[in-house]
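Dear colleague,

I am passing on a structure for you to look through, followed by some notes on what was found in it. Please keep it open beside you as you read.

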Amino acid sequence: MGTKRVGLARTQALIQNLKRELTSGAATIRLFQPSQPQKQTYVFKWTYGTDTATAAEHNLKDPLGGALSLPVGFVATGGWVEVVTAVTSGGSATLIVGTQGTSNDPNGFVTSIGKASLTANSVHPFDGALAHNTTAAGHRFVTTADPVSITIGTAALTAGKFYVYVEGYQSMG
């Protein structure tokens, strides 16, 4: 086998074509600067059979099952609940999403969703006071590392799997 040599002129032409493709493409390139806050998304998971399903408040874990809290100085700007497997219950269960700990706002992200709405492949935007909506300021400074929690109301859950996504940024203050 031989080697293929590319001359200087050909290399320069390839670089020019690459530059042209990058500047004329539809993609937007953002350079992250360390002195500016960056948007972050924290993901929490609940799975029937792995996590507690009784009617009470429970802390959520990261997708791998480890403990996860929103860090001090995090500014929550929004989020959603993504249901992967339908949530079921022997009764008329409800789901509330918020924080536990010092901030202790158990319905700060989602005020209440009934089990009938928690169908497979459904997405539910945050509507609580800690999230951006038409009545709230649209953000929340976390003053202590607080876990995200769910409150299962009325009846225990008997099946389901969902993720909770909390978007925001780390405060510069």
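A polar contact is a pair of N or O atoms within 3.5 Å, where, within protein, one atom must be able to donate a hydrogen and the other to accept it, and where residues adjacent in sequence count only if both atoms are side-chain atoms. One example is found at Ser 122, whose side chain reaches the backbone oxygen of Thr 119 at 2.6 Å. Ser 122 sits in the loop between β6 and β7 (123-125), and with a relative accessible area of 12% Ser 122 is buried (buried means under 20% relative accessible area, exposed over 50% and partly exposed in between, with a 1.4 Å probe and protein chains only). If neighbours within four places in sequence are left aside, Ser 122 is in contact (heavy atoms within 4.5 Å) with Val 81, Glu 82, Val 83 and Ser 117.

Before going further, please note that this is a predicted model, in which local features need pLDDT of at least 70 and side-chain atom pairs count only at pLDDT 80 or more, while totals for chains, interfaces and linings use all residues. Residues are numbered from 1 along each chain as its sequence is written, and side-chain values use heavy atoms, with hydrogens and water left out.

As for the overall fold, the chain has one helix and ten strands, which are DSSP runs numbered from the N terminus (helices H or I, at least four residues; strands E, at least two). Of the 173 residues in the chain, 35% are buried.

Apart from its neighbours within four places in sequence, Val 166 is in contact with residues including Tyr 42, Leu 70, Phe 109 and Val 148.

Finally, the structure holds one salt bridge, that is, a side-chain nitrogen of Lys or Arg within 4 Å of a carboxyl oxygen of Asp or Glu; here the side chains of Lys 39 and Glu 167 meet at 3.5 Å, N to O. Because Lys 39 lies in strand β1 and Glu 167 in strand β10, the pair ties together parts that are 128 residues apart in sequence. Lys 39 counts as exposed, at 58% relative accessibility, whereas Glu 167 counts as buried, at 18%.
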